[in-house]
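Subject: Structure handover

Hello,

Here is the structure for your files. My notes on it follow below.

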Amino acid sequence: QYSPESVAGADGELDPTEVTFPGCSCRSRSCAAPECPCLSRGHNYSSLGLRLAEQQEQPFSRPVFECNSLCCCGEGCQNRLVQRGLRLRLQVFRTQHKGWGVRALQPIPGGSFVCEYAGEVLGSAEAQRRAQAQSPQEPNYIIAVREHLHDGRVLETFVDPTHIGNVGRFLNHSCEPNLFMVPVRVDSMVPKLALFAATDISAGEELTYDYSGRFQNFPETSREHKALEEEKSLRKPCYCGSHTCASFLPWDSSLFSTP
């Protein structure tokens with residue numbers, strides 16, 4: 001079932017459409033920091049730059065909060081981007097070795113929002129149950145995003161587009177990708193998993209991101225080459241073809257661990 005944005009999972013633990021953030025009272029055509037409380041919570045798109053080179057220079061990144069449905073600003077506000085959804089021309093196509101993939105049908109400037117990785121938002125127990133119920137031959141679309149807070153807490157978001165999702169489910173992994181993921185919050189603390197162009201992308205180029213969350217999955221620093229032998233039977237080979245290919249797709253053992 002196609003859904004342009006994430007929905008509450010079958011376990012009903014988290015509803016990404018629930019509005020829990022207060023709205024801003026900005027009356028201007030477009031909100032600006034520091035007057036707008038939404039922008040004051042974290043990065044805004046103009047200051048963030050959304051360039052990977054800038055991200056690599058920083059040991060951490062500030063959160064991104066868009067204006068929401070309770071805000072007084074208009075739909076044209078510069079702080080409403082990911083919530084507008086997909087605006088680019090993309091194509092799902094059959095790759096030679098990786099199954100389905102997605103490519104751009106138009107040039108995409110670096111820093112542009114491309115699409116959301118949308119699906120069912122699950123609690124950790126249901127995400128683990130679904131992962132363990134899959135056979136090694138089945139495709140695994142469940143993504144686990146962990147945000148490390150300054151006080152030591154870790155926020156986890158699990159999204160499964162296996163049955164309900166959007167074009168993002170067809171994006172392939174690459175150890176040298178041209179997209180990177182940013183958790184963006186609009187109405188609540190449940191983030192939208194937004195994918196941005198890490199560099200200028202040409203028309204016809206396949207769109208990829210690093211499933212592990214890194215921009216480059218270097219073999220010498222990657223846990224992929226330190227995996228336990230019993231885990232390797234569940235590992236899927238990587239066919240990205242990059243010079244720094246880690247040989248295996250990223251592996252999240254926490255979804256398969258038992259209490």
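Of the 259 residues in the chain, 45% are buried. Buried means under 20% relative accessible area, exposed means over 50%, and partly exposed lies in between, with a 1.4 Å probe and protein chains only. The accessible surface of the chain comes to about 13500 Å². Carbon and sulfur atoms hold 51% of that surface. These areas come from the Shrake-Rupley method with a 1.4 Å probe; for residues, only the protein chains shown count as cover.

This is a predicted model: local features need pLDDT of at least 70, side-chain atom pairs count only at pLDDT 80 or more, and totals for chains, interfaces and linings use all residues. Residues are numbered from 1 along each chain as its sequence is written, and side-chain values use heavy atoms, with hydrogens and water left out.

Overall fold

The chain has 5 helices and 12 strands. Both are DSSP runs numbered from the N terminus: helices are H or I with at least four residues, strands are E with at least two. Take contacts between residues at least 6 apart in sequence: 67% of them join residues at least 24 apart. Contact means heavy atoms within 4.5 Å.

Sheet 2-10-11-5

This open sheet has 4 strands and mixed pairing. Two strands pair if DSSP finds at least two bridges between them. Strand 2 (64-65) and strand 5 (113-116) stand at the edges. Each has a single partner strand, so one side of each is left without a neighbour in the sheet. Strand 2 pairs with strand 10 (residues 179-185) in the parallel sense, over 2 bridges. Val-64 stands opposite Val-184 in strand 10.

Arg-185 also lies in strand 10. Is Arg-185 buried or exposed? Arg-185 is buried, with a relative accessible area of 3%. Beyond residues up to four places away in sequence, Arg-185 touches Phe-21, Val-64, Phe-65, Glu-66, Glu-147, Leu-155, Val-190 and Pro-191.

Pro-191 sits in the loop between strand 10 and strand 11. Pro-191 is buried too, at 6% relative accessible area. With residues up to four places away left out, the residues Pro-191 touches include Glu-147, Thr-157 and Pro-183. Pro-191 and Val-145 are 46 residues apart in sequence, and their C-alpha atoms are 9.7 Å apart.

Sheet 1-6-8-7

Here too, 4 strands form an open sheet with mixed pairing. Strand 1 (7-8) and strand 7 are the edge strands, and each pairs on one side only. Strand 1 and strand 6 (residues 120-122) pair in the parallel sense over 2 bridges. The bridge partner of Val-7 in strand 6 is Glu-120.

Asp-160 lies in strand 8 (residues 154-160). Asp-160 is buried, with a relative accessible area of 2%. Which side chain makes a polar contact with the side chain of Asp-160? The partner is Arg-130, at 2.8 Å. A polar contact is a pair of N or O atoms within 3.5 Å; within protein, one must be able to donate a hydrogen and the other to accept it, and residues adjacent in sequence count only if both atoms are side-chain atoms. Leaving aside neighbours within four places in sequence, Asp-160 is in contact with Gly-119, Glu-120, Leu-122, Arg-130, Tyr-141 and Ile-142.

Nonpolar core

The largest nonpolar core has 23 residues. Such a core is a set of buried Ala, Val, Leu, Ile, Met, Phe, Trp, Tyr and Cys residues joined through side-chain atoms within 4.5 Å. Those with the most contacts inside this core include Leu-90, Ile-108, Val-114 and Leu-179. Strand 4 (100-104), strand 5, strand 7 (143-148) and strand 11 (192-197) each supply at least two residues of this core. Strand 11 gives the most, with 3 residues. Not counting residues up to four places away in sequence, Leu-179 touches Val-114, Leu-171, Leu-195 and Leu-207, among others.

Cysteines

A search of the whole structure finds 0 disulfides. A disulfide is a pair of cysteine sulfur atoms within 2.5 Å. Cys-77 is in none; the nearest cysteine sulfur, in Cys-31, is 3.7 Å away. Cys-77 is buried, with a relative accessible area of 0%. The sulfur of Cys-238 is 3.6 Å from the closest cysteine sulfur, in Cys-240, too far for a bond. Cys-238 is buried at 9%.

Best wishes
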